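Dear colleague,

I am passing on to you the structure shown below, and after it you will find an account of what came out of going through it. Please read the text with the structure open beside you.

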Amino acid sequence: MPGVRALLAGTSTLCALLALGAATGGTERSAGAAHGPFDAQFTGRTLRADIVHVGDAGRETVGFERWRLEGPWPGPRRALTVASPRGEYLAELVAPSGTLLYSTSFSGIFAEWQTTAEAAAGRVRAFPASVRVPEPRRPARLRLSRRGEDGRFSVLLEIPWAPDDPAVDRRPVATVGEVVPLRVTGTPSERFDLLIAGEGYTAAGRDKLLADARRLVDAWLSVEPMAGLADRIDVRVLFVPAGRRGVTDPRRDRWRASPFGCAYGSLGSDRYVLTLDDRRLRELAAQAPYDALVLLLDERKYGGGGIYGLWATVAADTAPAAYVFVHELGHSIAGLADEYYLSSVAYDNLPPVTREPVEPNVTALIDGRPKWADLVAESTPIPTPWNKDAFDRLVRGFEERRRAITEAGGDDDAMEALFAEQARRTGELLAREPFRDVVGAFEGAAYRTRGLWRPALDCLMFRRGATGFCPVCRRAIESELRRYF
Ligand SMILES: [Zn+2]
């Protein structure tokens, strides 16, 4: 289950299950180089393959639904292939000669669902999804592969593409709502384009959406590596008015026909927000160029989510919304793992980690060295000592109180006060650590108290209250962003 993540310290057994997956995978694959300049191979438009994942906990079949032509291609034009896929899936456009034209890696809701109790109980379910690629000028095929337990990819499906195929859906993208440029300084082919889709905002909430988006984007762009690359990052807002404010929350028996179909309680986790309606989401989003997508919820209840290469969700009206926004984009843009490891369930009984996790910011120290060894000073011991016992005691105390609030009905103000106190007190504790400012390997990461290590004592992937990403996460995000400009 690399690269994904429900956020949010500890909402369910989902996190424990995800941790199992985080330990698998790992071998990297050289995807080869693209040949010829972009324009010789591609039309400059975006081609979307609509697919459906079907299966149970252990099996997966992917069915092809249709090709759909969207608008201009906003994505990479030089870095056309990924050398080290970070996601659960790898999609490759291959010419009849076998030449690799384009590749991209991502994770998805189906793969995450496979780790849930529902899947373990034997259910079979179907999840629509899609893959966006540049439209090839000549016949090609799209090869979709899934990462196996050994980390290697095996092919699930190959879809032929022919430019003159009459079955390709070429209808114009319908205009619904409004696309508002929030900060646009260049053309999409020269920028990393972030699209913020307002979800659950009514017609009267348009100004609030723009203000929420501006506030959260400002926070995101104030953090490195985004701050240093801000002149290459463009942001647009998609406003599709909702009939009523907010999104569906089954546990509070609140139901909404919101534009993108988002709901709390996704995959059995109360504060995890996803939409399962990929078709509607993609058709609405296709009105704007985008390399990354955030669904911003007009919601007071803490929540969100982020899946690598898919999109992120963030509730706008919570005190830690800026943290959630930055953290979830770390998942969805860069495939970062959660670095936290304590939450409402204990994970001490997980099997040992035997493979290096695929995520760039956690290591199993299989050969004694972290994958970020080039950033570690010689004077820093590996593993790097820290007062983990005191930190764990403190956090477990907060988790107890959090459970009590949840069981009493989940009061939003009480929860946020607790989060703020936890951020302050864990920060005070970490500030006393001798290795607080170095890159090393600190035990405790990705829902595991033992057997996985994170790069630094503190990071936005580790803790609410952290002031920035650790150097390893910064580098991983920057390498993703730079593919686009
Ligand atoms: Zn980090």
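**Helix packing, domains and loops**

Helix H5 and helix H7 pass each other in a right-handed crossing. Please keep in mind throughout that this is a predicted model. The axes of H5, which covers residues 206–221, and of H7, which covers residues 321–334, approach to within 9 Å and cross at roughly 60°, and the two helices are therefore described as oblique to each other. On the H5 side the contact is made by Leu216, Ala219 and Trp220, which meet Ala321, Ala322, Phe325, Val326 and Leu329 of H7. Sorted by type, the residues of this contact are eight nonpolar, no polar and no charged.

H7 also packs against helix H10, which spans residues 471–481; here the axes come within 9 Å and the crossing angle is roughly 50°, which makes H7 oblique to H10 as well. The crossing of H7 with H10 is left-handed, whereas that of H5 with H7 is right-handed. From H7 the contact takes in Gly330, Ile333 and Ala334, and these meet Cys473, Ala476, Ile477 and Glu480 in H10. The residues of this second contact comprise five nonpolar, one polar and one charged.

One further residue of H7 deserves a mention, namely histidine 331. Is histidine 331 buried or exposed? It counts as buried, because 27 C-beta neighbours lie inside 10 Å of it, and the cut-off for that label is 20 or more. Between the C-alpha atoms of histidine 331 and arginine 300, which are 31 residues apart along the chain, the separation is 22 Å.

Turning to the chain as a whole, the domain assignment divides out domain 1 (31–161), domain 2 (178–334) and domain 3 (373–484). The C-alpha centres of domain 2 and domain 3 are 24 Å apart, and between these two domains 19 residues of domain 2 are in contact with 18 residues of domain 3. Which element gives the most to the side of domain 2 that touches domain 3? That element is H7, with six residues. The residues on this side of domain 2 divide into 11 nonpolar, three polar and five charged.

A cis peptide bond, with omega about 10°, joins glutamate 224 to proline 225, and proline 225 is placed in the loop that runs between H5 and strand E10 (233–239). Another cis peptide bond leads from isoleucine 382 to proline 383, with omega near -10°, and proline 383 has its place in the loop between H7 and helix H8 (388–407).

Aspartate 253 counts as exposed because it has 7 C-beta neighbours inside 10 Å, where the label calls for 12 or fewer. For leucine 365, phi is near 50°, and leucine 365 is found in the loop between H7 and H8. With 17 other C-beta atoms within 10 Å, leucine 365 is partly exposed.

With best wishes

Methods. Residues are numbered from 1 along each chain as its sequence is written. This is a predicted model: local features need pLDDT of at least 70, side-chain atom pairs count only at pLDDT 80 or more; totals for chains, interfaces and linings use all residues. Helices (H or I, at least four residues) and strands (E, at least two) are DSSP runs, numbered from the N terminus. Axes are lines fitted to C-alpha atoms, for helices over the stretch in contact, and angles run from 0 to 180 degrees between N-to-C directions. Angles under 35 degrees count as roughly parallel, over 145 as roughly antiparallel, 65 to 115 as roughly perpendicular and the rest as oblique. A crossing is left-handed if the near helix is turned anticlockwise from the far one by less than a right angle, and right-handed if clockwise. Two residues are in contact if their C-beta atoms, placed from the backbone, lie within 7 Å. Ala, Val, Leu, Ile, Met, Phe, Trp, Tyr, Cys and Pro count as nonpolar, Asp, Glu, Lys and Arg as charged, and the others, Gly among them, as polar. Domain bounds come from an automatic or database domain assignment.
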